[in-house]
Each structure stands twice: as structure tokens, then as C-alpha cells.
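I opened this notebook to record what I looked up in one model, entry by entry.

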Amino acid sequence: MKKKLLIVAHHLTIGGVQKSLVSALKALDYDKYDVTLYVRKNRTDLLPFVDKRVNVIINKDHHHYYRKPYALILQGKTIIAKILGKKEKAKEINKVLEDKIRLDAMEYEKKIYFGGSRYDIAVAYVQGYVALFVDRCVNADKKILFYHTSTNDTPEIHNDVIPRCSTVAALHESQKSLIEKWYPSATGKIKIVENYTDKDMITAQSKEFSIPESDKTVICSCGRFAPVKGFDMAVDAAKILKEKGVDFIWYFVGDGPERRRLESRIAEYGLSENIVITGMQKNPYPYMAGCDIYVQPSREEALGLTILEAHRLSKPVISTATIGGLKLIENGRNGMICEINPESIAKSIINLINNKEKCDGIISNLKSTDYSHEFEKYKEQWKNLLEG
């Protein structure tokens with residue numbers, strides 16, 4: 001009899017964690033597991049790419065939690081605290097409100113989707129509130145928590161959840177060490193499951209369309225426009241490049257809460273002809289394939305799936321010195337590591353532009369890299385995770 005495996009995701013909007021989940025679902029043994037994917041937020045851009053053998057449940061909760069009596073009362077208290085100039089008190093009340101709404105939503109999901117269900121294994125595919133949901137609302141013999149970041153997010157949740165989960169999945173040894181430092185209860189229960197990137201799929205998708213040809217140096221960065229991803233530093237680096245007379249065009253492939261601030265800064269610096277914001281793209285690979293240099297300007301990055309993707313397209317990568325960048329970049333062989341600031345990013349770009357021999361050497365190394373055994377290794381890691 002097949003084991004019942006549940007994987008819980010926050011959403012399926014395009015992003016590194018979500019794309020790695022799609023790869024994970026292809027690596028499972030469907031002769032051994034009856035797999036269900038539960039998506040907590042009804043954002044499903046990547047749903048067409050999910051393995052057809054997976055039973056997918058999408059949460060379509062339409063409750064207006066902020067209109068409930070307790071929510072209205074707490075919102076009123078927050079407004080009063082702000083009027084009285086008590087900003088910290090307002091933050092405290094707002095946190096209580098958000099926590100109550102999250103727990104209220106979780107109880108609804110548990111009742112509607114998991115009331116009578118039991119699983120052999122439940123996987124929280126991301127840390128934080130997804131982990132809390134699996135811990136509190138899913139009935140399973142074994143519970144696994146994936147930790148995808150290099151920051152100590154929501155420690156109040158993980159201090160509570162990690163001691164009770166069976167296994168924590170980390171992306172590599174450096175991240176594992178950080179998790180053990182933050183959460184000693186994780187020691188002895190961490191297994192490594194690296195992100196997998198399908199070279200053939202990426203190459204095929206990269207040919208779906210072409211970006212305009214240019215005599216300028218073409219740079220590309222992909223990601224969510226949030227402070228942690230460092231796109232503001234990329235804009236500042238672009239300003240330096242322009243001041244130094246570099247002729248370039250830089251594609252920002254993505255979207256997010258920082259977009260307006262980025263657009264304002266681009267206009268302020270007179271970079272509108274140098275930086276192109278494409279918005280979120282279901283297929284970012286033609287932009288990667290068409291660039292001369294791929295730049296990962298993050299402040300924090302646990303692994304950096306886009307670095308792996310750029311490598312599969314044989315693009316030299318400049319990455320800031322995050323733990324993910326340091327894990328994936330062998331300085332001078334498959335890219336360059338720079339400091340986490342605009343000046344270092346710009347300096348590294350100029351270095352590659354001016355040193356054609358170095359750039360060509362990196363491209364040659366990437367083209368000769370053998371990725372043929374990676375999927376089998378990835379499948380074995382998942383097997384060990386689920387069966388250990």
C-alpha cells in the first residue's frame with residue numbers, strides 16, 4: 001500500500017522556493033507515495049508545471065477576517081494608539097491582530113481540508129507560518145520542515161515547532177550550521193536536500209523568445225523586489241557604471257513591494273534608458289540567455305536558484321557574498337564574488353567587461369560542466385529524507 005504524503009506550500013507564484021518545489025514533485029517515487037500538495041494561498045502561476053500525478057488542493061478561503069468583530073475592535077485600538085503617539089503600542093496591538101487572523105484562518109483550513117485526514121508524512125515546504133500550520137493542523141506520523149532562508153526568521157515559531165518535527169531539511173552544510181546555531185533542538189535531525197535545476201527544461205524555455213539585440217553590455221538580475229534581494233543596490237551600482245562611462249542595459253526581471261521605490265530612484269539617477277523593469281515573467285530564461293553577465297545583488301541568499309539557472313545557461317555570474325553565493329560561486333571559475341554593496345557590484349561588472357579572457361574562461365568552464373547526474377542525486381536525497 002502506498003504511503004500518504006502531504007506537502008504544504010505557501011503559494012505557487014513564480015519564485016525560487018516555488019520553482020524548487022515543482023522540481024521536487026518530479027523527483028518523488030509515485031509507486032511508493034500517494035502525493036497531495038496543499039497550497040495555502042490561491043496564487044497559482046506555476047500550477048501548470050506541477051506533476052500531473054499530484055493531487056492538488058488550493059485553499060479558496062474567501063473570509064474577510066479583517067471585518068470580524070475582534071478584528072474591528074483591534075483595528076480601532078491601533079488607530080487610537082497612533083493618534084495618541086504610542087507607535088510601539090500600536091505595533092503590539094497590530095501584531096496581536098495579525099496573529100489572531102492567522103490562527104483563525106488556520107482553524108478554517110484545518111476544518112475544511114484536513115478535518116478527517118491522516119498522513120504518513122507531512123512536509124512543510126517553507127519555514128515560518130507554513131511550518132506552524134503543519135505542526136498544528138495536520139495529522140501525520142512524521143513531519144518534515146524545509147528551511148529555505150539564511151536568516152533567523154520568526155524564531156518564536158521555530159523554537160516551538162522544531163523540537164516536535166521529525167526532520168529539518170537544509171539546502172547545504174553552511175546553512176545547516178546556521179540552523180543548528182539558532183536552534184540547538186535541530187541538531188541531529190537535519191538532512192541536506194539541495195535545490196535541483198533542470199538544464200534541458202531551462203535551455204528549451206530560454207528559446208521561446210529573444211530579447212532585442214544590443215551593442216551594449218547586457219546585464220540581467222531576476223527576483224522579487226524586496227529589500228533582501230538588493231535591487232536597490234543594483235540601481236546604485238548602475239549609477240556608478242554610467243558615471244564611469246560603461247555602455248550597458250540592465251534587465252530587472254521581477255516585481256514586488258519595492259518596485260515604486262526602485263522606479264523613483266531609476267528616474268532620479270537618469271537611468272531610464274539603462275534599466276528595464278520587465279515585471280514578473282513566467283519565463284525569465286530568455287532574459288538570462290540574452291545577457292552577457294548575470295548579477296545576483298542579494299543581501300541574504302540561502303542558495304540562490306537563479307544562480308544555478310544562469311549557470312545552466314553558461315552565463316558568468318556576479319554574486320554578493322551571501323552564504324548561497326559563496327556556496328555556488330567558485331571565484332574566477334564559474335563567476336565572481338563581490339562584497340554586499342553597490343561599489344563592489346559595479347567594480348566586479350567592470351572587471352568582467354574589461355577582462356574578456358577571464359569572462360571567456362568562465363563561460364568555457366560552465367559549458368564543459370557535466371550536470372547529467374544531478375537529478376539522480378536529487379532523487380536520492382528526497383528518498384533519504386522521506387525514508388530516513
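Is C222 buried or exposed? I find C222 buried, because its relative accessible area is 8%, where buried means under 20% relative accessible area, exposed over 50% and partly exposed in between, with a 1.4 Å probe and protein chains only.

Before going on I note that this is a predicted model, in which local features need pLDDT of at least 70 and side-chain atom pairs count only at pLDDT 80 or more, while totals for chains, interfaces and linings use all residues. Residues are numbered from 1 along each chain as its sequence is written, and side-chain values use heavy atoms, with hydrogens and water left out.

**Cysteines.** I searched the whole structure for disulfides and found zero, a disulfide being a pair of cysteine sulfur atoms within 2.5 Å.

**Sheet.** C220 stands opposite Y294 in β11, and strand β8 (residues 217-222) runs parallel to β11, joined to it by two bridges. For strands and helices I use DSSP runs numbered from the N terminus, with helices (H or I) of at least four residues and strands (E) of at least two; two strands pair if DSSP finds at least two bridges between them. I then traced an open sheet of six strands in the order β10-β9-β8-β11-β12-β13, paired in parallel. β10 and β13 are its edge strands, each pairing on one side only, and the twist from one strand to the next averages 20 degrees. Helix α8 lies across β8, β9 and β10, at about 175 degrees to β9; such angles run from 0 to 180 degrees between N-to-C directions, with axes fitted to C-alpha atoms, for helices over the stretch in contact.

**Cores.** The largest nonpolar core has 33 residues, of which L241, W250, F252 and I349 touch the most other members; a core is a set of buried Ala, Val, Leu, Ile, Met, Phe, Trp, Tyr and Cys residues joined through side-chain atoms within 4.5 Å. Elements giving two or more residues to this core include α8 (231-243), β9 (248-253) and α13 (342-354), and α8 supplies the largest share, eight residues. I noted a second, separate core of 32 residues, with L21, V50, I144 and L385 among them.

**R40.** My last entry concerns R40, in the loop between β2 (33-39) and β3 (55-58), which counts as buried because its relative accessibility is 8%. Leaving out residues up to four places away in sequence, R40 touches residues including H10, E109 and Y129, contact meaning heavy atoms within 4.5 Å.
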